Amino acid sequence: MTETDSLSDALKAISVSTELIEEELKPHLDTLLSALLEKKKGAAVEIAGSGILPSLAQALRRRSGLTCQVALLVAEMAREAAVREPCIAAGLVTALLPHLNSDNPEMLLNTGRAIGRICFDSSAQQDQLVQSGVIPRLVSIMREYPENDPLVNVCLLALCNLADMDSTREALTDQGVAEVLTFQLKRAPDAERRHVILEVLGSLGESDTLKLQFAESGVPEALSEMIGGLQGGSDPHDLCSIKIASNLIVSLLLGDESMQKCFGEGSGLVYQDVLSWLQSSNTQLQLSGALAIANFARNDSNCIKMLDLGVVPHILTLLEQHVDEGDVSVQHAGLSALRNLAIPATNKVRMLEDGVTERIKTLLRSDMPPVQFKLLGTLRMMVDGQEEAATVLGRDAVLLARVMEWCDAKDHAGVRGEANRLLAALIRHSRNPEVIHAVTKADGVRHLISMASSEHVIMQNEALVALAIASAVDIESVQAPFREAELVPTLQKMLDDPAGAVEVKFSALGLICSLANSDQPASHMSSFPSSSHEMTSHDFYFS
């Protein structure tokens with residue numbers, strides 16, 4: 001008898017059986033299982049199409065001595081995508097679910113594999129699994145059998161497949177999943193297992209509740225420890241693990257409470273490891289380190305503490321390593337960290353004294369828009385409220401020339417906007433005649449006038465305030481560009497615009513007052529209707 005005949009006879013015998021007698025069915029099930037385990041072509045499809053699937057579901061419900069074998073048969077059959085829908089239609093999933101409560105590890109393994117394969121690409125079935133309470137059971141199985149690698153692997157793969165669902169995350173909030181996953185991460189035998197665990201952690205970490213649980217349960221420390229153990233090697237799988245784990249730590253730091261827990265007032269293990277990443281030769285760790293520092297620097301207290309602990313020189317050294325043909329992402333992340341650190345006023349003074357602006361100006365030669373954008377924002381933050389810094393930078397001809405180029409950036413609105421905002425900030429915070437003269441000489445006034453018509457209210461205000469200061473401090477320098485740009489008619493339109501923002505109109509009136517009070521107002525104001533608006537100088541506030 002050929003294998004095909006044997007398989008056909010077994011299917012026929014099962015399909016005509018009405019009593020499902022164990023002794024009679026077992027040899028036929030053995031035949032089917034042998035065909036599947038030997039990878040006989042078309043065996044799974046033939047079995048599914050034979051009409052015996054309801055009988056298999058019935059055998060599972062009866063909990064006989066055949067149950068474990070039937071579960072294995074279904075698991076092997078469900079390797080074939082074509083048979084999964086018929087398995088669902090025959091009720092095999094609902095028949096299998098109760099067996100997840102078995103105390104037999106082999107039964108749990110076969111059942112888990114069968115359910116996982118049948119529901120692999122069915123979102124409806126996955127949702128039903130979660131609703132049926134399978135998530136807590138998966139965690140408890142891993143807790144009961146932590147050293148059973150095949151069974152743990154089945155549970156991890158199931159969680160990985162379900163972890164993107166909000167209902168899964170909700171079901172895990174009180175299951176202590178962080179401790180279970182941390183334990184398995186520490187004993188993971190290979191990169192494949194590590195990656196599954198990391199993927200589960202990443203998906204579950206999207207929940208703020210679980211994110212905090214992870215931080216409190218030592219997940220970031222376990223990830224950092226894993227990274228430390230893999231550093232220095234060249235195995236691509238290990239490098240991949242480092243990348244996933246370091247990205248995951250950065251993600252976990254997005255939660256305020258979890259971030260503060262990892263920071264530990266600057267003495268936290270994760271924070272200390274992050275500092276070492278900045279000095280690593282691994283570009284991925286450099287990137288994650290800079291991003292992590294930017295995340296730690298989300299409140300003034302942390303920023304001041306990090307400056308005390310000497311983080312800035314590490315970031316500057318990192319940036320200098322990537323100036324010429326370096327990694328754009330690292331430069332962008334490093335500048336993000338510096339910008340956040342510069343937000344507290346006390347930090348600005350100290351960073352300026354340490355020569356931060358001079359060192360990051362080396363990035364002016366970058367041709368990469370993301371770096372240009374972040375550099376401009378960082379410089380703007382550095383001069384905010386800092387007269388001396390704004391004066392020094394505002395008189396720097398090389399800096400101004402580059403900023404003028406970026407003010408004309410046609411292909412990157414973000415760079416163009418940040419360049420204009422930096423230009424306005426140099427005037428607003430310096431109020432210095434030399435800066436105004438230098439900006440005018442570089443043709444910057446034209447850009448500020450254009451910025452005053454921006455669609456963004458904050459940019460309009462910044463430009464109008466800068467222009468008002470410039471006209472009050474040095475009207476002669478700005479007189480010609482004002483006339484060429486037809487500034488007064490532009491201001492008239494702003495005041496007449498019924499949809500214009502009130503604060504913009506106030507700033508426009510402030511500029512008009514500045515022009516009216518200058519020594520040479522006539523050439524500017526002759527075209528402005530005297531009855532348009534009442535102007536009172538005490539209503540205007542300049543930043």
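**Aromatic pairs**

I began with the rings and found 3 aromatic pairs. My rule pairs rings of Phe, Tyr and Trp (its six-membered ring) if their centres lie within 6.5 Å; planes under 30 degrees apart count as stacked, over 60 as edge-to-face and the rest as tilted. I looked up Phe263 and Phe296: their ring centres are 5.6 Å apart and their planes sit at 45°, so I wrote this pair down as tilted. The two residues are 33 apart in the chain, with Phe263 in helix H18 (residues 256–263) and Phe296 in helix H20 (residues 283–296). I took helices (H or I, at least four residues) and strands (E, at least two) as DSSP runs, numbered from the N terminus.

Next came Tyr271 and Phe296, with centres 5.3 Å apart and planes at 85°, so this pair is edge-to-face. Tyr271 belongs to helix H19 (residues 269–278), 25 residues from Phe296. I noted that Phe263, Tyr271 and Phe296 make up one aromatic cluster.

**A note on the model**

I am reading a predicted model: local features need pLDDT of at least 70, side-chain atom pairs count only at pLDDT 80 or more, and totals for chains, interfaces and linings use all residues. Residues are numbered from 1 along each chain as its sequence is written, and side-chain values use heavy atoms, leaving out hydrogens and water.

**Buried or exposed?**

I checked Tyr271 and found it buried at 0% relative accessibility. Buried means under 20% relative accessible area, exposed over 50%, partly exposed in between (1.4 Å probe, protein chains only). Phe263 and Phe296 are both buried too.

**The whole chain**

I counted 36 helices and 0 strands. The C-alpha trace spans about 110 × 50 × 40 Å along its principal axes.
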